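Please read it alongside the sequence and the coordinates displayed here.

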Amino acid sequence: MLSPSDSPRVAGEDPLHIQALARLEAPLPPIVVHRTTLRVVDGMHRLRAARLRGDERIAVRFFDGSPEDAFVLAVTSNTRDGLPLTQADRTAAAERIIRSHPHWSDRLIASAAGLAASTVAALRRRSTGTAPQITARTGRDGRVRPLNAAEGRRRAGELIAAKPEASLREIADGAGIAIGTARDVRLRLLQGRDPVPKKLRDAESRLRDDAGTCARPGAAPQPAVPTAPPAPVTGAAGEEPALLRLRKDPSLRFSEDGRFLLHLLSAHAVGSETWHRLLDAVPAHRRTAVAQAARHCGESWLRFASELERRAV
């Protein structure tokens, strides 16, 4: 026995449209039914029309998926074909999809509901539901991109440091960013700058502040984070000019190992603000392990520096 549709139409079916379909002599197109619940996904007008004209059978196509995905299919089907959805229908559908698919981008939800992406963004901002915290969204092309562009840039910086010979496309695909963004990150690292522009860092700080003000009352306090950062790599006078001179040296720039060394030096040439942010990124249960790894890296650099100084004598 078929169940009524979980329809995106706020006012339900249109009786005039049902009567118009019932007067058709040709067989009605198949309706779509959710296999698990036998709920009509798309085609309630056709089902009502078939019953009105006394048909004993109607063609059916089954949909396999979650009830939430079935509703999205109902919305997209009614947006593109058949009796158009009203503005109120599409708005209500978008609000529901925002709740059921919070990881979808504004453009993806807009394409499903037949709205502008800016309208979906405004609906998302006004949403008062307890939506889960997400760090990435899926776009219309199926690619997952970080909600905070700063994270994608940092991942790109890590990939460049680990594999400096990688192409921009490889870096972009690995970090989930655009090729142009990967190119900008590489340029920033070569210039000894933070891969994340200041405006993105400021936006990230505002998001953290907003998250802090929305914390649940009575929530357990988070473990304290040390307030004093480690000594920045670029803090000593003359270090930054020295790195700039090294980047201009053809003997380093035009050899594979030389470029790799420059990438490593650039990746570690960060300021105190970045060290503060990295401290905050380490979870409490991993602080000791990260400290040991950092100390190991530091010791490796010290051995490298000592050997260079020994050879320079």
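The model is predicted: local features need pLDDT of at least 70, side-chain atom pairs count only at pLDDT 80 or more, and totals for chains, interfaces and linings use all residues. Residues are numbered from 1 along each chain as its sequence is written, and side-chain values use heavy atoms, with hydrogens and water left out. The protein has 15 helices and 5 strands; these are DSSP runs numbered from the N terminus, with helices being H or I of at least four residues and strands being E of at least two.

**Overall make-up**

- Of the 313 residues in the protein, 32% are buried; buried means under 20% relative accessible area, exposed means over 50%, and partly exposed lies in between, with a 1.4 Å probe and protein chains only.
- Contacts (heavy atoms within 4.5 Å) between residues at least 6 apart in sequence join residues at least 24 apart in 66% of cases.

- Strands of a sheet pair through backbone hydrogen bonds, either parallel or antiparallel; here, two strands are taken to pair if DSSP finds at least two bridges between them.
- Strand E1 (residues 31-34) and E3 pair in the parallel sense over 4 bridges, with Val33 opposite Phe62 in E3 and His34 having Phe63 as its bridge partner in E3.
- E1 and E2 pair in the antiparallel sense over 3 bridges, and His34 stands opposite Arg39 in E2.
- The hairpin of E1 and E2 has 4 residues between the strands, and Leu38 takes a positive phi near 55° in this hairpin.
- Both faces of E1 are covered: Ile31 and Val33 are buried on one side, and Val32 and His34 are buried on the other.

**Helices across the sheet**

**Salt bridges**

- Side chains of opposite charge can pair when their charged atoms come close; a salt bridge is a side-chain nitrogen of Lys or Arg within 4 Å of a carboxyl oxygen of Asp or Glu.
- The count comes to 11 salt bridges by this rule.
- One of them joins the side chains of Asp184 and Arg153 at 2.9 Å, N to O.
- Asp184 lies in helix H9 (residues 179-190) and Arg153 in helix H7 (residues 149-162), so this pair ties together parts that are 31 residues apart in sequence.
- Asp184 is partly exposed at 25% relative accessibility, whereas Arg153 is buried at 10%.
- Asp184 also forms a salt bridge with Arg188 (3.3 Å, N to O); both lie in helix H9, 4 residues apart, about one turn of the helix.
- Arg188 counts as buried at 13% relative accessibility.
- In helix H15, Glu307 and Arg310 are 3 residues apart, about one turn of the helix, and the closest N and O atoms of their salt bridge are 2.5 Å apart.
- Glu307 is partly exposed at 28% relative accessible area, whereas Arg310 is exposed at 54%.
- Shared partners join Arg153, Asp184 and Arg188 into one network of salt bridges.

- Asp89 is placed in helix H4 (residues 87-100).
- Asp89 is buried yet has no salt bridge, and Arg9, the nearest side chain of opposite charge, is 4.6 Å away; Lys and Arg count as positive and Asp and Glu as negative, while His and the chain ends are not counted.
- Not counting residues up to four places away in sequence, Asp89 touches Pro8, Arg9, Val10 and Ala11.

**Aromatic pair**

- The structure holds 1 aromatic pair; rings of Phe, Tyr and Trp (its six-membered ring) pair if their centres lie within 6.5 Å, and planes under 30 degrees apart count as stacked, over 60 as edge-to-face and the rest as tilted.
- The ring centres of Trp301 and Phe304 are 5.8 Å apart and the planes are at 85°, so the pair is edge-to-face.
- Trp301 and Phe304 both lie in helix H15 (residues 287-312), 3 residues apart, about one turn of the helix.
- Trp301 is partly exposed at 28% relative accessible area, and Phe304 is partly exposed at 37%.
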